[in-house]
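Dear colleague,

Please find below the structure that I am handing over to you.

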Amino acid sequence: MMAGKDAAPIAVAVIGSGFIADYHVNGIRAAGGAEVAALVSRSAANAARRSAELGVPRWETDYRRVLADSAIHAVVVATPDDTHAAVAIDALAAGKAVLLQKPMALDAAECRAILAAGKASAAPLTVSFMHRYFPEVGWLKQVLAEGSLGPIHMVRMRNATPGADWNDWFYTADHVAGGVVMQLGVHGIDLIRHLFGPISEVSARMTTARPERRLKDGRLVRSRLEDNVLATYQLRGSAMATHEMSYTEVQGCDRFRLEVYGEKGTAWLRTERGAAALFTPAATGREEWVTPRLPSEPFGAAHHRHWLSIVRGESPRDDTPEAGLVSIEVAEAIYSASASGRRETLADASGEGRS
């Protein structure tokens, strides 16, 4: 699709005008070679306001209008979770390349339906796992490939924020399949799998520590969805991971916190030691933490540049659709393990990501 660096810019419609729309609009612009041609919101007033804020020239209230427009080449699906399957399947049937916001869908069955639609469409399907494209993640993936840390023994992942305060649908069971696991945890699940391979076993505990929340607009919402979770995973060989998820942390993490402990050394990402730090005396010859020099560019540029290269046909389709399904399967195992108090076994044999 539209291969060649001299091709006309890709026209993208962003379906959904919430908080995450800013990331996609700005990331697409920073990546270059594309334009955000339309923004879709169910409310006309909100669509007009947000399109003006983001500098998008066109707005719609019915996503089907952009799907019917041959001038639109690709769409970002950034709507509430319960609409992901319908919108993504319609977009793929219309021949639009799709970047689908996480969580991929409400459950594994919906994910499989989206995957089937993707296979039936000539247009590529991609799931938006933004953390894969952070420079420190690419650096760590290379460190792991080089074996500088030796065999990995333990991994600690933490995803934590104060919780979404900009819309009530995040806490409404009719619109989402879960709380912090689905809204934040799937990011950590994907990153663990992307870096360390399959998750074969899961155990978990969870609680709802804050059943009432005050939104930014003053509304009070009540929710029974989980907001604090501790999961443990069995990884490749004897390696284990702990995964902490919180929607009640006042300070919150800077996207995530990751600690890796291997036979020969330790690596930390997004901690008090900075974006990345490495302690591997055998590899560096230094009995101290080493901080790598990482590339710097606008937030979201690398992620959207990767996606747009797939849309143009310059890069092969990646594994994110299948990874999106597995992230939901792991999330469902977390819920099951917490409810039963037993360890859940997974048939996660797909291994590391290809991107």
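Aspartate 22 counts as partly exposed, because its relative accessibility is 27% and the partly exposed class runs between under 20% for buried and over 50% for exposed. Please keep in mind that this is a predicted model. The side chain of aspartate 22 meets that of arginine 50 in a salt bridge, with 2.4 Å from N to O. This pair links distant parts of the chain: aspartate 22 belongs to helix H1 (residues 19-31) and arginine 50 to helix H2 (residues 44-54), and the two are 28 residues apart. Is arginine 50 buried or exposed? Its relative accessible area is 8%, so arginine 50 is buried.

A second salt bridge joins the side chains of arginine 112 and glutamate 329, at 2.9 Å from N to O. Since arginine 112 lies in helix H5 (residues 108-120) and glutamate 329 in helix H10 (residues 320-340), the pair ties together parts that are 217 residues apart in sequence. Arginine 112 counts as partly exposed, with a relative accessibility of 45%. Glutamate 329 is partly exposed as well, its relative accessible area being 24%.

Across the whole structure, a search finds 27 salt bridges.

I now turn to the chain as a whole. It contains ten helices and 16 strands. The C-alpha atoms fill a box of roughly 55 × 50 × 35 Å along the principal axes. How does the radius of gyration of the chain agree with that of a compact globule? For 355 residues, a compact globule would have a radius of gyration near 20 Å, and the chain has 20 Å, so the two agree.

Of the 355 residues, 54% count as buried. Among contacts in the chain with a separation of 6 or more, 69% come from residues 24 or more positions apart. The accessible surface comes to about 15,300 Å², and carbon and sulfur atoms account for 51% of it. Finally, the chain carries 39 positive and 41 negative side chains, and the centres of these two sets lie 2 Å apart.

Yours sincerely

Conventions
Residues numbered from 1 in each chain as written. Predicted model: local features only at pLDDT ≥ 70, side-chain atom pairs only at ≥ 80, totals over all residues. Heavy atoms only, no water. Helix = DSSP H or I, 4+ residues; strand = E, 2+ residues; numbered from the N terminus. Rg over C-alpha atoms; globule rule 2.2 N^0.38 Å. Buried < 20%, exposed > 50% of the residue type's maximum accessible area, 1.4 Å probe, protein only. Contact = heavy atoms within 4.5 Å. Areas by Shrake-Rupley, 256 points an atom, 1.4 Å probe, with all protein chains shown as cover. Lys, Arg positive; Asp, Glu negative; His and termini not counted. Charge placed at Lys NZ, Arg CZ, Asp CG, Glu CD. Salt bridge = Lys/Arg side-chain N within 4 Å of Asp/Glu carboxyl O.
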